[in-house]
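This briefing is intended for reading alongside the sequence and the model.

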Amino acid sequence: MSNKQDKNCIFCKIIKKEIPSDVILENKDFIAILDINPVNKGHILILIKDHCKNLTDFPEDKGKELIIFAKKISSAIVKATNADGFNFSMNNEAPAGQMIFHAHFHLIPRFKEDGLRHWPHKKYLDGEKEQLADKIKKIMEK
Ligand code: 5GP
Ligand code: ZN
């Protein structure tokens, strides 16, 4: 196999078929598998085949292909599970919930009464929002 691999990485082992998984779709750059412990049944993981950690080192030139791949699968999951919607997300670093440090995206079918809580929201102090927006913009200008 010509993909970049990390021999200790569980997702690289899944990509190499050294560990079994339920493959939903595969092409030269991505593989979609069923998550072993789904948030909802039909939860899919899209793995990039070249080992990288997360969005920070994800190859930009694979972005369009990822979206095409994810859209194809998401419409199939919605039909297969009769879902009312879906989440498309990525966890980056442990505090954000990343457990496996091989870049992957979650596609999770959602149902009107699935009982899952959405993220709670916070409030900014006076002026804090504008200050933070300026800070982020200045960092990106560098
Ligand atoms: P993370 O928290 O890193 O964003 O997501 C890792 C996901 O991988 C979790 O949802 C977890 O259930 C799933 N997972 C962990 N080990 C395996 C495995 O061996 N096979 C499959 N199919 N999924 C796995
Ligand atoms: Zn890997």
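K17 belongs to the loop that joins α1 to β1 (23–26). In this predicted model, the phi angle of K17 is near 65°, a positive value in a residue that is not glycine. K17 counts as partly exposed because its relative accessibility is 47%, a value between the limits of 20% and 50%.

**A further positive phi angle**

- N82 is placed in the loop between α2 and β4.
- The phi angle of N82 is near 60°, which is again a positive value in a residue other than glycine.
- With a relative accessibility of 64%, N82 counts as exposed, because the class begins over 50%.

- Ligand 1 sits in the largest pocket.
- There are 16 residues around ligand 1, and those that come nearest are D35, G97, M99, H104 and H106.
- By class, the shell around ligand 1 consists of 9 nonpolar residues, 6 polar residues and 1 charged residue.
- Three elements, α1 (10–15), β2 (30–34) and β5 (104–110), each contribute at least two residues to the shell around ligand 1.
- The largest share of that shell comes from α1, which supplies 3 residues.

- A polar backbone atom of G97 lies 2.6 Å from an oxygen atom of ligand 1.
- For M99, the distance between a polar backbone atom and an oxygen atom of ligand 1 is 2.7 Å.
- I100 also takes part through its backbone, with an N or O atom 2.9 Å from an oxygen atom of ligand 1.
- Ligand 1 taken alone exposes 520 Å², and the protein buries 88% of that area.

**A buried asparagine**

- N54 is located in the loop between β3 (44–48) and α2 (63–81).
- The relative accessibility of N54 is 0%, so N54 counts as buried, the class being defined as under 20%.
- The side chain of N54 forms a polar contact with the side chain of Q98, at 3.1 Å.

- S89 is part of strand β4, which covers residues 85–89.
- A relative accessible area of 30% makes S89 partly exposed, because this value falls between 20% and 50%.
- Between S89 and H104 there is a sequence separation of 15 residues, and their C-alpha atoms are 8.8 Å apart in space.
- H104 is also one of the residues that come nearest among those around ligand 1.
- N92 lies in the loop between β4 and β5.
- N92 has a relative accessible area of 26%, and is therefore partly exposed.
- N92 and E128 are separated by 36 residues in sequence and by 25 Å in space, C-alpha to C-alpha.

Note on methods:
Residues numbered from 1 in each chain as written. Chains lettered and ligands numbered in written order. Predicted model: local features only at pLDDT ≥ 70, side-chain atom pairs only at ≥ 80, totals over all residues. Heavy atoms only, no water. Near = heavy atom within 4 Å. Polar contact = N/O pair within 3.5 Å; in protein donor to acceptor, adjacent residues only side chain to side chain. Areas by Shrake-Rupley, 256 points an atom, 1.4 Å probe, with all protein chains shown as cover. 1 Å grid on protein atoms, 1.4 Å probe; cavity = no way out; pocket = protein on both sides within 12 Å on 5 of 7 lines; lining within 4 Å. Sits in = over half its atoms within 2 Å of the grid points. Helix = DSSP H or I, 4+ residues; strand = E, 2+ residues; numbered from the N terminus. Nonpolar A, V, L, I, M, F, W, Y, C, P; charged D, E, K, R; others polar. Buried < 20%, exposed > 50% of the residue type's maximum accessible area, 1.4 Å probe, protein only.
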